[in-house]
Amino acid sequence: MTWFWLSIVVGIFFAASKIFARVVIKDEEDALAFTALHSLIAGTILLPLLIVHQRFPTQAITWLFFGIMVLLSFLSDWSSFKALQKTEVSLYQIVNQVGLVVALAGGFLFFAESITTAKIFAIVLITIGVVVALYDHQNIAWDVGIRWTVFSTVTSVLASMGSKRSLYDFSEVAFACVEMFTIAILCTTLMRGTAGARVRRVFQKQTWAISGSGVLFAASEVSFFYALSLGEASKVIPLTKTGLVFPLMGGIFLLGERKHLNKKISEFVNKQNILVNVVDVPALCNFIVPSLFKRGPLSISISKSGVS
């Protein structure tokens, strides 16, 4: 399997893990405990594979890049969960596309990867898709959720650059496994003496969702590191964004992020001069259906103008 197909797989796994994470984190205030548990589950899943994929660096410079990458990955993971507390997963993934420009610049600056017409054209096409998707979110405000999303995206791409440099001496599985456990330890250290109770509370609240998110994230990370070791960062990272459609559809149909879908449907049918009624949203209706009381020849219509 080439870096191309691996990147596609990464996009699917990453999107699915964020949908699972949104299930937990939208009602959870402790993003740090979630990050610790999420990383611990992912590292544990990879631990058996480490037995047959052991290759660790012997050069100090590689460990230095690894340390920087882990710090950036921690900031990216933690801030992404902070973002998902406030932001719909579909909107999160749309805003996440700003990482494409960072990836193109980073590949050129750190690895002398060429900025080809094909790369620019691909990013332009994806950007057009993002603009179209954002049209569904016309009332976007630069709120705390969006700011966390942008911060998470930038740190994630920078961490990817550090990962590519470190993978010269690491095996992909060893790299992912050590990264996950190091992030979990870092989170635990920051929580000090409250780590055990906080992690248990998060796990007990949504056991299956957080377990699913951890497993998918482990698969995403290993696949991503394999893709990075085989292809250019400025090609691999944009391709992982092809998973955009999955969180969009997952957010709408699995997590109930339907309000924007209703708005688009209403706008479309209004242009076609078709009657439309969106329950409890008068602004999206061109007619309402009042309650009707009939008794013999008497008919009485009662309406609250769509308020309830």
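In this predicted model, Asp 30 is buried, with a relative accessible area of 10%. The residue counts as buried because its value falls under the 20% cut-off. Asp 30 lies in the loop between α1 (3–25) and α2 (31–50). Its side chain meets that of Arg 198 in a salt bridge, with an N to O distance of 2.7 Å. Arg 198 belongs to helix α9 (residues 195–205), so this pair ties together parts of the chain that are 168 residues apart in sequence. In contrast to the buried Asp 30, Arg 198 counts as partly exposed, at 25% relative accessibility.

A salt bridge also joins the side chains of Asp 30 and Arg 201, at 4.0 Å from N to O. Arg 201 is likewise placed in helix α9, and Asp 30 in the loop between α1 and α2, so the pair ties together parts that are 171 residues apart in sequence. The relative accessible area of Arg 201 is 40%, which means that this residue is partly exposed. The count of salt bridges comes to two, and Asp 30, Arg 198 and Arg 201 are linked in a network. In general, side chains of opposite charge can pair when their charged atoms come close.

Ser 166 is placed in helix α7 (residues 144–166). When neighbours within four places in sequence are left aside, the contacts of Ser 166 are with Thr 62, Phe 65, Phe 66 and Phe 175. The C-alpha atoms of Ser 166 and Gly 67 are 9.6 Å apart in space, while the two residues are separated by 99 residues in sequence.

The packing of helices was examined for α10 and α11. Two packed helices are described by the angle between their axes and the distance between the axes. For helix α10 (residues 207–230) and helix α11 (residues 233–240), the angle is about 145° and the axes are 8 Å apart. The crossing in which α10 passes α11 is right-handed. On the α10 side, the contact is made by Phe 224, Ala 227 and Leu 228. These residues meet Ala 233, Val 236, Ile 237 and Thr 240 in α11. By residue class, the contact of α10 with α11 comprises six nonpolar residues, one polar residue and no charged residue.

Terms used
Residues numbered from 1 in each chain as written. Predicted model: local features only at pLDDT ≥ 70, side-chain atom pairs only at ≥ 80, totals over all residues. Heavy atoms only, no water. Axes fitted to C-alpha atoms, helices over the stretch in contact; angles between N-to-C directions. Helix = DSSP H or I, 4+ residues; strand = E, 2+ residues; numbered from the N terminus. Left-handed = near helix turned anticlockwise from the far one by under 90°. Contact = heavy atoms within 4.5 Å. Nonpolar A, V, L, I, M, F, W, Y, C, P; charged D, E, K, R; others polar. Buried < 20%, exposed > 50% of the residue type's maximum accessible area, 1.4 Å probe, protein only.
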